[in-house]
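User: I am new to this structure and would like a close look at one part of it. Please keep to the strands and the helices that go with them.

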Amino acid sequence: MPIFEGTRPGAAAVRPRALPRVRADRPIHARGGRGRNICVMAKAPVLTPQADDFPRWYQDLISKAELADNGPVRGTMVIRPYGYGLWERMQQDMDARIKEAGAQNAYFPLFIPQSYLTREAEHVEGFAPELAVVTHGGGKELEEPIVVRPTSETIINEYFSKWVQSYRDLPLLINQWANVVRWELRPRLFLRTTEFLWQEGHTAHATYEDARAYAARIQKDVYADFMENVLAMDVVLGRKTAKERFAGAINTLTLEGMMGDGKALQLGTSHELGQNFAKAFNTQYLSKDGAQEHVWQTSWGSTTRMIGALVMMHGDDNGLRVPPRLAQTQVVVLAIKGDEEVVAKVREIGAALRAAGLRVHVDDRTDTPFGRRAVDWELKGVPVRVEIGPRDLEAGTAMLARRIPGGKEPVAIDTLADLLPKVLDEDQATLLREARERRLSRTVDVTSIEEAVEAAATGWARIPWADLGPEGEAKLAEQGVSVRCLVSPDGSVPDADDSPGTLAICARAY
């Protein structure tokens, strides 16, 4: 997949090499005049080191890279422009893939009558603890409470039952980009918030086989392809156990990723709903044989949680590392000093790189110290910085700083347009390779619950599902470890929980 602007737009940011990390409480002794030692207190690191406190590092980075702030209501968040720019890029690319899969965008209301949720017993039971309910409006108590949507299966089925009359109306493939509200007890920006942004797809099919195939298509062709080829995320595709299944579904397909600290994060799900909601809402169609049949359905979703995953899978002690194909800004061209010739050259280079199809930002803010600007771009994870000063101009070179592998080197200015696309492709591949190597090196084959718990302290455990089963799954849960998904020995998604050789992937999770 090319990293050029092409058919899928976007923008990102960049930043220079960080200063050496020295603990703030440790003085540096330098040799002063006449042999005297001068004690200089080193500055604290910009970010808490991952090895010291991974959750604190995450919070530091979200704040200092200007991705988001906490909202005024507990569990809500304000997504800042740089963070929202990442979401826009994700939206644009995923929306194209969803449409390629045949779905059309629509919009359904934020407010759902409470009675809708009670029609599907398992669904309402699963979401009851997370519901936000409106009881008053216009200064009066409402005759029926209104639920702020936690997901839209119920209200969408109310309308599917009106829109579907005949087999000719099927398949009905709908997606919406929206916000949802789930009352979160332990919020964490992007990972778990009371309100979050997402896309949710809902489809109706004539047969079980069609619905099942479509759910699998979304998991593989939309989610997995996007996450691996754009986000450079290593993901494991599997199916959830009955305990972890979506409320009201007959099967849930999932994509799980390993974060930098070895914990798992669910990155997207695709559900086979069977006929549960169709029967609850009487969504039927007239078949070719003239019989009334209930439709078979799917639903599927991915959220702003992907931004949190991006941070935790690719970030390092210097900040974000944004995959080039996602980056809003792939290249930032920086003027080191306010020399007129330097600024003019920086702008000229920026224009040339844009013409070559790259997403470029020109940083000519020479009233702000260069070091500060460099550190800011590095925190934001822009893949490449091109730094130009008077000496570079004289030599006809620029200093090329690569955020993902790190390091700097001088390159001829007139080679940049040809060189940078290759550099960005290399760096995209590097991120995916590093993420995959981390998972493989920190996944352990085990044969007992005790071994699984031990492995989950630093990574993932893989154990035969036949040996673990629901009883073993419950014992793991008592120790904070969950079965993230079931996979086949060859890494594919098993057809059923009890398929021969099925393996359980176990981990602590966000």
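Which order do the strands have in the open sheet of 5 strands, and with what pairing?

Analyst: This is a predicted model, in which local features need pLDDT of at least 70, side-chain atom pairs count only at pLDDT 80 or more, and totals for chains, interfaces and linings use all residues. Residues are numbered from 1 along each chain as its sequence is written, and side-chain values use heavy atoms, with hydrogens and water left out.

The open sheet of 5 strands runs in the order E18-E17-E19-E20-E21, and its pairing is mixed. Here strands (E, at least two residues) and helices (H or I, at least four) are DSSP runs, numbered from the N terminus. Two strands count as paired if DSSP finds at least two bridges between them. At the edges are E18 (360-363) and E21 (408-412), each of which pairs on one side only. From one strand to the next, the twist averages 25°; axes are lines fitted to C-alpha atoms, for helices over the stretch in contact, and angles run from 0 to 180 degrees between N-to-C directions.

E21 is joined to E20 (residues 397-402) by 5 bridges, and the two run antiparallel. Within this pair, Thr397 stands opposite Ala412 in E21.

Two helices belong to the picture. Helix H10 (residues 370-380) packs on the sheet and touches E17 (331-335), E18 and E19 (384-388), where contact means heavy atoms within 4.5 Å. The direction of H10 makes about 175° with that of E17. Helix H12 (residues 416-441) also packs on the sheet, touching E17, E19, E20 and E21. The direction of H12 makes about 10° with that of E20.

Strand E22 (residues 443-445) pairs with strand E23 (residues 460-464) in the parallel sense over 3 bridges. Asp445 has Arg462 in E23 as its bridge partner. Together with helix H13 (residues 449-455), E22 and E23 make a right-handed β-α-β unit; right-handed means that, with the strands pointing away from the viewer, the path from the first strand over the helix to the second runs clockwise. E23 also pairs with strand E25 (residues 503-507), in the antiparallel sense and over 4 bridges. In that pairing, Arg462 stands opposite Ile505 in E25.
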